[in-house]
Amino acid sequence: MYSIDGIPLDNRALGWRFMRSSNPYAEMSQEIEEVRSPTQDGDAGGSAGRMVAPILPFTMVTPKVNLSALDSLFASASVLADGSGRTAGVKFVSRSVEHWGEAEPKVRVTYTLRIPAAFWRGPEVTPAATAISNATTVVRCLGDSALPGSGGLNAPVGDAIIRVKGQATALRVADTGGSWFTYDGPIAATEWLRFHAASGRAFLTTADTWEGGTEVSGRIDYGGPRGRFEITPMFPSPLDRKVREARLTVGTTIRVGAALQVRARPAFMV
């Protein structure tokens, strides 16, 4: 059941009822940069742009005496949860009230919330590190078959943290969706290189940690179809669309005891 900032919307204690007229599935759209040519039919190509922030309507029935409390909850909403472990940051957009007559003790109210980051997010997961044993190593890092229980992402993750431990040179990490990042320096056997996809920054540490360290962002390069590094879903078996995961291809010139590990929150269409 849906909740806002930890307070359930279907709430008997306050007489709130979550109505079936609510639509938990939003219209999703993507802005695409189109390239057109006067000598070519259709589009000459283009690149994927940003996903438009979706809007969700929530229809509630509440006793009039508790309408003010419900208004306050939606007006100050910050985190929406769907009851399955997925959450999304939200912002209040609008409210409309349907009166059932002055003598009627209840009213029907529809609230709309906007999800600025576009997607539901699952709980943060940190799969075990995968050994980089060959010049090209494929790492399964998110999804049903890679990490049972993580839910199988179906939207891009642009804020993952990727780190490499152990001796390695000429590091290149690529996602199946076409994004990539490289590090032009060596990683010593006693070091961890940590890349933050959200900011494009990188750090070296000599301790097993996910924060801090010496910044080496100047030695990082990255890119992709949308100009950033992101982890995208893929289907390991084209005939089974129920199983989704993410895979990274890791390239190195020298590798001795090296391993790659990812920390991320899976993303899902609303």
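Hi everyone, and thanks for coming along.

Before going on, this is a predicted model, in which local features need pLDDT of at least 70 and side-chain atom pairs count only at pLDDT 80 or more, while totals for chains, interfaces and linings use all residues. Residues are numbered from 1 along each chain as its sequence is written, and side-chain values use heavy atoms, with hydrogens and water left out.

Back to our pair. Strand β21, residues 245–251, runs antiparallel to β13, and seven bridges connect the two. For the record, strands here are DSSP runs of E with at least two residues, and helices are runs of H or I with at least four, both numbered from the N terminus. Two strands count as paired if DSSP finds at least two bridges between them.

So what order do the strands of this open sheet take? There are five, arranged β13-β21-β15-β16-β20, with antiparallel pairing. The edges are β13 (136–143) and β20 (220–223); each has a single partner strand, so one side of each lacks a neighbour in the sheet. From one strand to the next, the twist averages 15°, with axes taken as lines fitted to C-alpha atoms and angles running from 0 to 180 degrees between N-to-C directions.

Now the six-stranded sheet. It is also open, ordered β12-β22-β14-β17-β18-β19, and its pairing is antiparallel. At its edges, β12 (130–131) and β19 (214–215) each pair on one side only. Two bridges link β19 to the antiparallel strand β18, residues 201–205, and F203 sits opposite E215 in β19.

Next, the helix. The protein chain has one helix and 23 strands.

Finally, the whole chain. Of its 270 residues, 42% count as buried. Among contacts between residues at least 6 apart in sequence, 67% join residues at least 24 apart. Happy to take questions!

Note on methods: Buried means under 20% relative accessible area, exposed over 50%, partly exposed in between (1.4 Å probe, protein chains only). Contact means heavy atoms within 4.5 Å.
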